[in-house]
Amino acid sequence: VIILLLCYFLQAYRRTYCAPFWDDMSAVLEWLPGYFNANHSIDKLRLLWSNYWECKTPVSRMVSLFFIKLSGARFLILQKYFNGLLLVLLSWLMAIQLDDKAKRSFTFLLCLLLFLNFQHFHTALCAFSGTTYYLCLIFGLLAFYFRQRKNKSGLALSLLFAVMSAVTFGNGLLVLPLICLHNFTEKEFKSSILTVVLTSIVAWFYFNGYHPQRLSDISHFSWIGCIEYFILFMGNHGQFLYSKVVVVIFGVFPLVVAGYFIFIKKQFYKTPVLLSILIFMIMTALMASGFRHQISVNQGLSVRYGFYSLTAFVSSVLLIINELDYELIKKQQTKILHAAAVFTAIKLFFFYPEMAIGQEETREMLSDWKKHGDIVADHTPFYIKGATVIMGNCEKIKVWQLFPGDTAVANNNLFTIQYINEHNRWRKP
C-alpha cells in the first residue's frame, strides 16, 4: 500500500503544475475575480451559490478558497494533491463496508489499485473536477453509511451528508431521494416524512431562480440515444481501443450485479452501503444520459466520466467479494490483485496519450499567452474562449499566477511524441 501511494503521488508531483486544466479555468479562475472584488458578503454568497453549468458547486468552490488562503497563488497544486488523498479515503470507506473484517485489508489494496491511476486524468489532474466528483461520492457514501444506524444521531448525520453531496455536484441531488426510498421500504415513516420535507426544502433553494449555463434541448430527446448513452457511460472505464463491444460488456456487468442483489438476493430491503453506491452510480448514468445524449451519444465515452463507471465496477466487485467465503478469497487474493494491477496497467498504457496531449496543449497555450499576449494555436478542446482575459484578471488580484516551469516545453519521450505527432485521433473520441 505504501509503495502504491508513493508511486501515485510521485507521478502526481511530476505531472502537476500551477496551470489551470479543464474545469479549473471556467469553474474557478473565471469565478474568482468577481468573488474577491465583491464588496458585500451577500454578493459573495450569491457567487458561491451561482450555477456552474447545470450544477450548484459551493462546496468545491469553498475548498478552492481554503487552499487559496493556505497557499495563495499555488492553490491548484495543493488541491490536486488533496484530490489524491480523497481517493485514498474513498478506497478505505468502500473497503470497510464488507461484513467480514478479515477481507477489508485485501479489498482496501484492491480499491487503491483500481482508483489510484491517471486514466481519468480530467479528475486526477483537474483540481476542481477531482474535488467535485470525489467529495460528492464520499458525502453520498457517508450518508448511506449513517442511514443504517437506527438512531437520531445517525439520521441527522445521514441527512447532513446527503445535503452536502447535493451542494457539491448535480448528481448529489439523487442521495436524498434514495435515502427517502430506503426509509419507505423499511417502513420508517417518521424518518421518511422528515427526509421528504428536507428534500423539498433543498429542491426549493436549489431550483428557485434556477438559470443553468447550459441545458440540453429536450425536444431532441431519443429513447434509443438515451439507452445507448447510458450503457456507454456505465462501461466508460473499459473503452480499450474505443471498441463499443468491450464498453457494453463493462456497462452491462454492474447492471447484472445490481439486478441480482436487488431482485434475487432481496438486499435492497437491507440496503447495504455498497449496493446503495451502485444504485447511486446507475442513477447518475441515467441522469447524465437524459440530459446529455442530445449533444452526442458518444459523449458517454468522455474520459472524464470514467470515474463514475469505475466506481460502479468496484462496487459490483466488492458486493461479490462480500458474498464469497473468506477462505476462498484468501486462496485467490493474490491472483485477484495481480489481475487488478494488470487491468490498471493496460488502462494506463492506453489512456496515457490523452493525458500527454492535454498537457502539451496546456503548455503550448500558456507559452503563446506569455510570448504573444494571446493564444495563437487552436486549443479549443482544452480552453474556453476568453481564457487569456480570465488568467490576466486572476494575476492582477494575485490569487493565481504561473511559476517557472509551467510554460516550459515538456520533456517528451518517444512514446509521447509518437502519439502527439502521428495519432491526433486520440482527442477526437
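Analyst: With a definition: helices (H or I, at least four residues) and strands (E, at least two) are DSSP runs, numbered from the N terminus. This is a predicted model, where local features need pLDDT of at least 70, side-chain atom pairs count only at pLDDT 80 or more, and totals for chains, interfaces and linings use all residues. Residues are numbered from 1 along each chain as its sequence is written, and side-chain values use heavy atoms, with hydrogens and water left out.

User: OK. Where does Q97 lie?

Analyst: Q97 lies in the loop between α6 (75–95) and α7 (104–115).

User: Is Q97 buried or exposed?

Analyst: Q97 is buried, at a relative accessible area of 13%. Buried means under 20% relative accessible area, exposed over 50%, and partly exposed in between (1.4 Å probe, protein chains only).

User: What is Q97 in contact with, apart from neighbours within four places in sequence?

Analyst: L141, Y145, V273 and L274. Contact means heavy atoms within 4.5 Å.

User: Switching to α12. Which residues are buried there?

Analyst: In α12, they are S191, S192, T195, V202 and Y206. Seen down the helix axis, the buried residues of α12 fall within an arc of 95°, so they line one face. The arc is that of the directions from the helix axis to the C-beta atoms.

User: And what do they pack against?

Analyst: The buried residues of α12 pack against α4 (41–49), β2 (55–56), α10 (152–166) and α11 (175–185). The face turned away from that buried side carries the exposed residues K190, I193 and W204. Just after α12, G209 has a positive phi of about 70°.

User: New topic: how many aromatic pairs are there?

Analyst: A search of the whole structure finds 26. One of them joins F250 and F343, which are stacked, at 5.8 Å centre to centre and 25° between the planes. This pair links distant parts of the chain, with F250 in helix α14 (residues 244–264) and F343 in helix α17 (residues 326–372), 93 residues apart. Rings of Phe, Tyr and Trp (its six-membered ring) pair if their centres lie within 6.5 Å; planes under 30 degrees apart count as stacked, over 60 as edge-to-face and the rest as tilted.

User: Are those two buried or exposed?

Analyst: Both F250 and F343 are buried.

User: Which residues form the aromatic cluster?

Analyst: F115, Y133, Y134, F169, Y229, F233, Y305, F307 and Y308 form one aromatic cluster.
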